[in-house]
Amino acid sequence: MKLHDDIHNYYEKLVVEDITKRNLESTYSDDVMADLCCTVLNQLPARYIRYDVDMEFYLPQTERIKMEQQVQTAIDVAISQVAKKKELQA
């Protein structure tokens, strides 16, 4: 078993989906995006899985919505932190 190949944190997928919806890649550099993603994921609980399909099949809709809301909030917080960091550097 290769840990990094066999399991992953399901929140990573949700974060990427929301970042894509917001088109943040066009707003921030790759370096800032890496910091932003770390900041977002550090605010969220870990939810390790092997297969996305299992999570999507067995996860109740209410829990999925809650997870998506947590991701949105974490991204909002990270964006404000990135904005503050930019202000300090200016």
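The model is predicted: local features need pLDDT of at least 70, side-chain atom pairs count only at pLDDT 80 or more, and totals for chains, interfaces and linings use all residues. Residues are numbered from 1 along each chain as its sequence is written, and side-chain values use heavy atoms, with hydrogens and water left out.

Start with the chain. The protein chain has five helices and two strands, in the order α-β-α-α-β-α-α along the sequence. Those are DSSP runs numbered from the N terminus, helices being H or I with at least four residues and strands E with at least two. The C-alpha trace spans about 45 × 30 × 20 Å along its principal axes.

Now the helix pair. Helix α3 covers residues 30-43, and α2 packs on α3 at an angle of about 130°, with the axes 11 Å apart. Axes here are lines fitted to C-alpha atoms, for helices over the stretch in contact, and angles run from 0 to 180 degrees between N-to-C directions. Tyr11, Glu12, Val15 and Ile19 in α2 meet Met33, Leu36, Cys37, Val40 and Leu41 in α3, where contact means heavy atoms within 4.5 Å.

Last, Asp18, which sits in helix α2, residues 10-22. Is Asp18 buried or exposed? Asp18 is buried, with a relative accessible area of 8%; buried means under 20%, exposed over 50%, and partly exposed in between, using a 1.4 Å probe and protein chains only. Leaving out residues up to four places away in sequence, Asp18 touches Val71, Gln72 and Ile75.
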